[in-house]
Amino acid sequence: MTTSPPRTTPTGPATSGPGGLAAGAGTAGRPPGRAPATGAVKRRGWRRLLPAGLRNRLMVIGVAGLAVGLVLGGIALVGTLAFALQRSADNEARRIAEAVAMLVTEDALPDPLPVVGSTVRVQVVDSQRRVRSASIDADRLVPMLFGDELDRALEDGPVFIPGDRLGLRGPVRVVAVPAGPADDPQTVLVGKSMADVAHSVDLLKTSLLIGFPLLLALLAVVAWRVIGATLRPVEALRAGAEEITGGARPGQLPVPESHDEIHRLAVTLNGMLDRLESARGRQRAFVADAAHELRSPLANMRTQLEVAQRLGPRNDWPAVADDLLADTERLSRLVNDLLLLARVDDAGPRPAKVGRVELGELIAGAAGRHPSPPVRVEASDTALWTVGDPDALGRVVANLVDNAVRHARGEVVVSAYAEPPYQVVSVTDDGPGIPAADRDRVFDRFTRLDDARARDAGGAGLGLAIVRELVRQHGGTVRLDDARPDASEPAANPGLRVEVRLPAAPADRQRSVQDRQPRSVQAGSERPTTSVE
């Protein structure tokens, strides 16, 4: 029995595809269990090095950055001081050398050469490297610089030599200045001990090595307390949030007194909590009202069925079927309204389907579902275009017309006209109207006034709520007013005027209507012709 050799996997990069990558070598095709990318591993490795807790991490990062800054600053300080002291020593030696060179030029060179201080040595050598003159402590036989050192000192500037060559402590800085006439060139050499400079630099280094750790420790303690004080309001916010989420009661997060970013965060979070609590309250009320509205027709249907079951053959089954069908239609309308409100809540601030809508045809179609009288349409002689969802705007007008017909005594007037930059749809009835104190409340869901509850033949209090949500989604407004606001005396039936304002379509997209004639159109009569996209 033969066996195939084991399959081997190449270790090098595949080159069958562009750029040396095999097809399917992307991230999506990586088999399970493969190690993540190197960069991700390095990032997680750095995170593991940091201690747990934001305060500890801030301390480690801050102290590390401060330590690096202090070290770099100390190095720069030591280097700057060493450079400044060396430059000062070079200038001093050069002044001495230039003064001696002037004496050599004037052939007034004394012997020994006068110098100030025990850390300076002066020699004057000729072109043969012989010492012509020297200070009292300098060597009179051997020049302080050898051949190549002298050349470098003349060409490149001061050089360092060991101090024991001149009997001085520490390194010596030697300055060479040419002097004398051209037929007898000479060189003035001035050596200055750098022991004091080295001592000053060493003293600074020692001070920094002792002072910087103490300063770093002090700053770390201060930073620890400052970071703790800064994060204390954050911990208070966390504790408050845990207390709020741990219980069912509403609450507020503690707001720090300092007017800073954390203060603004706490105010923003409290506003969010208020909105969430308000939304939760509306949701509870909505669920309770929906359950109540659904329970009423279900209870009615059950009662009818139980009565019919007891009566048996003596029951009027066609009448029972009609009653059950009416209750079923009421349930269907309620469920459809609830689904519509849910879709509007999920759709966001703009309608999902947007198109050009001509309001004249919209109100004619909504009014055509009712007899005339009582519904009368006042058509405009120009096309009134807006932008939105035709079905949603049709539902707005239909709800308003249905509500007006339900409460009108004898007439409902539906009209549309332009008030730039808006297009206005108005529905007016001669019914009992709505008191001014209740005109905001009637837009809440499942809200019905007492009179409406007594007279309503099936409404659930969702019609105006749907109108407001749909109009708001289209960027418009809804306003309620008396049908005759200018009446001198209050009437028993002031009527109600509902005015919907929608943004007009852009002027360059407006289309005129050629075949429409200005007239009062009765509901159910011939509809005017418009130009529709």
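## Helix α7 and its cap

Glu358 caps the N-terminal end of α7, with a side-chain oxygen 3.1 Å from the backbone nitrogen of Gly360. That pair is a polar contact, meaning N or O atoms within 3.5 Å; within protein, one must be able to donate a hydrogen and the other to accept it, and residues adjacent in sequence count only if both atoms are side-chain atoms. The buried residues of α7 are Leu359, Gly360, Leu362, Ile363, Ala364, Ala366 and Ala367.

## Reading the model

You are looking at a predicted model, in which local features need pLDDT of at least 70 and side-chain atom pairs count only at pLDDT 80 or more, while totals for chains, interfaces and linings use all residues. Residues are numbered from 1 along each chain as its sequence is written, and side-chain values use heavy atoms, leaving out hydrogens and water.

## The whole protein

The protein has 10 helices and 13 strands. These elements are DSSP runs, numbered from the N terminus: helices are H or I with at least four residues, and strands are E with at least two. Of its 533 residues, 33% count as buried. The accessible surface comes to about 32400 Å², and carbon and sulfur atoms hold 57% of that; the areas come from the Shrake-Rupley method with a 1.4 Å probe, and for residues only the protein chains shown count as cover.

Among contacts (heavy atoms within 4.5 Å) with a separation of 6 or more, 60% are between residues 24 or more positions apart.

## The largest nonpolar core

In general, nonpolar side chains tend to be buried together in soluble globular proteins. A nonpolar core is a set of buried Ala, Val, Leu, Ile, Met, Phe, Trp, Tyr and Cys residues joined through side-chain atoms within 4.5 Å. The largest one here has 45 residues, and Leu400 and Leu462 touch the most other members. Several elements each supply at least two residues of this core, including α6 (317-347), α7 (359-367), α8 (390-407), α10 (463-473) and the strands β7 (375-378), β9 (412-419) and β12 (496-503). The largest share, seven residues, comes from α8.

Leaving aside neighbours within four places in sequence, Asn399 is in contact with Gly463, Ile466 and Val467. A polar atom of the Asn399 side chain lies 3.3 Å from the backbone oxygen of Gly463. The C-alpha atoms of Asn399 and Gly463 are separated by 5.8 Å, although the two residues are 64 apart along the chain.

Asp429 has its place in strand β10 (residues 422-429). This aspartate also counts as buried, at 6% relative accessibility. The Asp429 side chain has a polar atom 2.8 Å from the backbone nitrogen of Gly431. Not counting residues up to four places away in sequence, Asp429 touches Ala404, Ala408, Glu411, Val412, Ala483, Gly495 and Leu496.

## Arginines over rings

A charge sits over a ring if NZ of Lys or CZ of Arg is within 6 Å of the ring centre and within 35 degrees of the ring normal. Arg55 lies over the face of Trp224, at 3.9 Å from the ring centre. Arg165 does likewise over Phe146, at 4.2 Å from the ring centre.

## Backbone details to check

Most residues other than glycine have a negative phi, and most peptide bonds are trans. A cis peptide bond joins Asp111 and Pro112, with omega about 0°, and Pro112 is found in the loop between α2 and β1 (120-126). Another cis peptide bond joins Pro420 and Pro421, with omega about 5°; Pro421 lies in the loop between β9 and β10.

Two non-glycine residues with positive phi are also worth a look. Asp107 has phi near 55°, is found in the loop between α2 and β1, and counts as exposed at 71% relative accessibility. Arg129 has phi near 65° and is found in the loop between β1 and β2 (131-134). Arg129 is partly exposed, with a relative accessible area of 30%.

Key. Buried < 20%, exposed > 50% of the residue type's maximum accessible area, 1.4 Å probe, protein only.
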